[in-house]
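Subject: Structure handover

Hello,

Here is the structure I said I would pass on. My notes on it follow below.

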Amino acid sequence: MPNSPEVSRTHYVASMPELAFTGLSEQWLLRTCGHLHWTALAAQAQLAAPDFYDAQGNKSYAAFTAIKVRDARLDDIVENQRFAIEASVRRVPGARHFGQYRVLTPEAVIARIEMVSTFVRRERHRDNHSVSRAMFEAGAPRQMPPAAAELVAQAKRFRADDWTRHSRLLRDAHATEHVVDYLPCPSLDFNGASLLYFASFQSMVERAEWHWRSAATSVPPALVEREMAFYGNANVGERLKLRFGARYTGHDGISHWCSISRASDKVRIADIVTHKRWSHE
């Protein structure tokens, strides 16, 4: 695949599918950027449709390993407003692809999204515990763009449990212990490949945060930044444990860290750090 990313721009008008209570829907945005990423990989591979097979002929899918939403002001988007998503996707070392996305209104950039993906396949039919990296032909570039390198490095720190601070969130000073049981719904949380969909992880944390907040009748805080690292998947019917290990609440907003594990074998499959501001600021 070539490593000279073309920048595309797709235009939208904000209506009910794109909007949430606090502006542009983050889940819609993640799903849409994931779709743009997927179709860009197909175009770069000169495929009419995103239908990938690895070197051994196994059906393969693009799976995100790290995502960062930053500089977000999704509440700037209102009903019937025109906006666009600018996208560029390139191949990077380690059999991965790096996508950069900007959400633009006529006045400003209101969010930036960075996404690192790799190709995966199942070792055993319909068993999402057996998802492993798919092998494709060599030829990836040797240099990693700085933004991609930092996103990959942070995901590694999360997985190694080797971090102490993420923006204003201090792991030790803001330590807490709050556990939520969650049973993913097949018709809502899984995708057409029968995998637990990456955008569902954000949705789980949002629901858990809303239930946990002591002032649930107040206006919800607005997203500023969310960073997610993914390590595994889960099967339909499998319960998850959402463990909030650090939480900050102050005049400038709220932040928290949540790790997600399979209840059956206690394998951690994701870490998610969220930063929000109060909507009136």
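After α1 comes Q46, with a positive phi near 60 degrees. Before going on, the conventions. This is a predicted model, in which local features need pLDDT of at least 70 and side-chain atom pairs count only at pLDDT 80 or more, while totals for chains, interfaces and linings use all residues. Residues are numbered from 1 along each chain as its sequence is written, and side-chain values use heavy atoms, with hydrogens and water left out.

Helix α1

Helices (H or I, at least four residues) and strands (E, at least two) are DSSP runs numbered from the N terminus. Helix α1 covers residues 26-44, which is 19 residues. From its first C-alpha to its last it reaches 27 Å, close to the 27 Å expected at 1.5 Å a residue; the expected span is 1.5 Å times one less than the number of residues. At the N-terminal end, S25 caps α1, with a side-chain oxygen 3.4 Å from the backbone nitrogen of Q27.

Buried means under 20% relative accessible area, exposed over 50%, and partly exposed in between (1.4 Å probe, protein chains only). In α1, 14 of the 19 residues are buried, so the helix is largely enclosed by the rest of the structure. T32 sits in α1 and counts as buried at 12% relative accessibility. Not counting residues up to four places away in sequence, T32 touches Y12 and I85, where contact means heavy atoms within 4.5 Å. The C-alpha atoms of T32 and A199 are 167 residues apart along the chain but separated by 9.9 Å.

Helix α4

A199 is one of the buried residues of α4, a list that also includes F201, M204, V205 and W212. Helix α4 (residues 198-212) has 15 residues, which should span 21 Å at 1.5 Å a residue; its end C-alpha atoms are 22 Å apart, which agrees. Because 11 of its 15 residues are buried, α4 is largely enclosed by the rest of the structure.

Nonpolar cores

A nonpolar core is a set of buried Ala, Val, Leu, Ile, Met, Phe, Trp, Tyr and Cys residues joined through side-chain atoms within 4.5 Å. The largest has 56 residues, of which I85, I113 and I260 touch the most other members. Helix α1 gives the most to this core, with nine residues. Apart from it lies another core of 17 residues, among them V152, A155, W163 and Y248. In soluble globular proteins, nonpolar side chains tend to be buried together.

With neighbours within four places in sequence left aside, the contacts of I260 include F201, M204 and V205, as well as L240, L242 and I272. S261 lies in strand β15 (residues 253-262) and is buried, with a relative accessible area of 7%. With the same exclusion of neighbours within four places, S261 is in contact with R239, L240, K241, R243, K266, V267, R268 and I269.

A buried glutamate

E114 is in strand β8 (residues 109-122). E114 is buried, with a relative accessible area of 7%, and its side chain makes a polar contact with the side chain of R70 at 3.0 Å. A polar contact is a pair of N or O atoms within 3.5 Å; within protein, one must be able to donate a hydrogen and the other to accept it, and residues adjacent in sequence count only if both atoms are side-chain atoms.

Loops

Q46, in the loop between α1 and β4 (52-53), is exposed at 74% relative accessibility. N80 is not a glycine but has a positive phi of about 70 degrees. N80 belongs to the loop between β5 (59-70) and β6 (82-92) and is exposed at 56% relative accessibility. Q143, in the loop between β9 (131-133) and α2 (146-159), is exposed as well, with a relative accessible area of 65%.

Whole chain

The chain has four helices and 16 strands. For 281 residues a compact globule would have a radius of gyration near 19 Å, and the chain has 19 Å, which agrees; the radius is taken over C-alpha atoms, and the globule rule is 2.2 Å times the number of residues to the power 0.38. Buried residues make up 50% of the 281. Of the contacts with a separation of 6 or more, 70% are between residues 24 or more positions apart.

Regards
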